[in-house]
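Here's a quick briefing to read with the model open beside you. We'll start with strand pairing and then move on to the aromatic rings.

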Amino acid sequence: TYILEGDLVVTNYSSDSAILLDSDGNFKDLLYNVENNQEQVVGVNWNAQTSEVILSINGYPDRIVGISAADGTQRTIVQTNQLNGNTFGVAVSAAGEYWAIESHQIEKFDVSGNRINDGIFPTGTLFTNLAQINSTSSGGFVVCGYGGDQVATYDSSANQLNTTVSGI
């Protein structure tokens, strides 16, 4: 197995890469590196359905890639000219759908990587400077951002359920 339980994946915006560390923080491997210095590896998450590390690439083109935990093979999951803003965090729902932060909104893609445009997604501006997204057990998602230092939870239809501000 290439990626073991307890291993850590860290993205580095400046070096345009994702690195694999063991559970003690020791370097294991360069997990993913973009081919040029005009792209950034930004979002990282885990897809339990496919046993892959999921990465959001802000680049030319913007895309979501998966890295197999079994053998480290890479595949492009989402690549569409409709994902073309500043990309940040990425998440996978319990149903296997992909959520991607694009500028101030959330884009949604089905398990095959097709963009969902259903009147809910893509969302409008949720709040400024979204940075990270994660799925919730109830089918919704939680996002945080550095625009106002906010964290907010949403249901599966992108209705805001709760929000808090750090106060820092």
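In which sense do strand S10 and S11 pair, and over how many bridges? The two run antiparallel, and two bridges join S10 (residues 105-109) to S11. Keep in mind that this is a predicted model.

**The sheet**

- S10 and S11 belong to an open sheet of four strands, ordered S8-S9-S10-S11, with antiparallel pairing.
- The edge positions go to S8 and strand S11 (115-116); each has a single partner strand, so one side of each has no neighbour in the sheet.
- Looking across to S11, you'll find Lys108 opposite Ile116.

**The aromatic rings**

- A pair of aromatic rings is described by how far apart the centres are and by the angle of the planes.
- Counting rings whose centres lie within 6.5 Å, the model has three aromatic pairs.
- Take Trp99 and Phe141: their pair is tilted, at 5.2 Å centre to centre with 55° between the planes.
- Trp99 sits in strand S9 (residues 98-102) and Phe141 in strand S13 (residues 141-145), so this pair ties together parts that lie 42 residues apart in sequence.
- With Phe141 in strand S13 and Tyr154 in strand S14 (residues 150-154), the pair ties together parts 13 residues apart in sequence.
- Phe141 and Tyr154 are both buried.

- Where does Ser93 lie? You'll find Ser93 in the loop between strand S8 (87-92) and S9.
- Ser93 counts as buried, because its relative accessibility of 6% is under 20%.
- Setting aside neighbours within four places in sequence, Ser93 is in contact with Gln49, Trp99 and Ser135.

Technical notes
Residues are numbered from 1 along each chain as its sequence is written. This is a predicted model: local features need pLDDT of at least 70, side-chain atom pairs count only at pLDDT 80 or more; totals for chains, interfaces and linings use all residues. Side-chain values use heavy atoms; hydrogens and water are left out. Rings of Phe, Tyr and Trp (its six-membered ring) pair if their centres lie within 6.5 Å; planes under 30 degrees apart count as stacked, over 60 as edge-to-face and the rest as tilted. Buried means under 20% relative accessible area, exposed over 50%, partly exposed in between (1.4 Å probe, protein chains only). Contact means heavy atoms within 4.5 Å. Two strands pair if DSSP finds at least two bridges between them.
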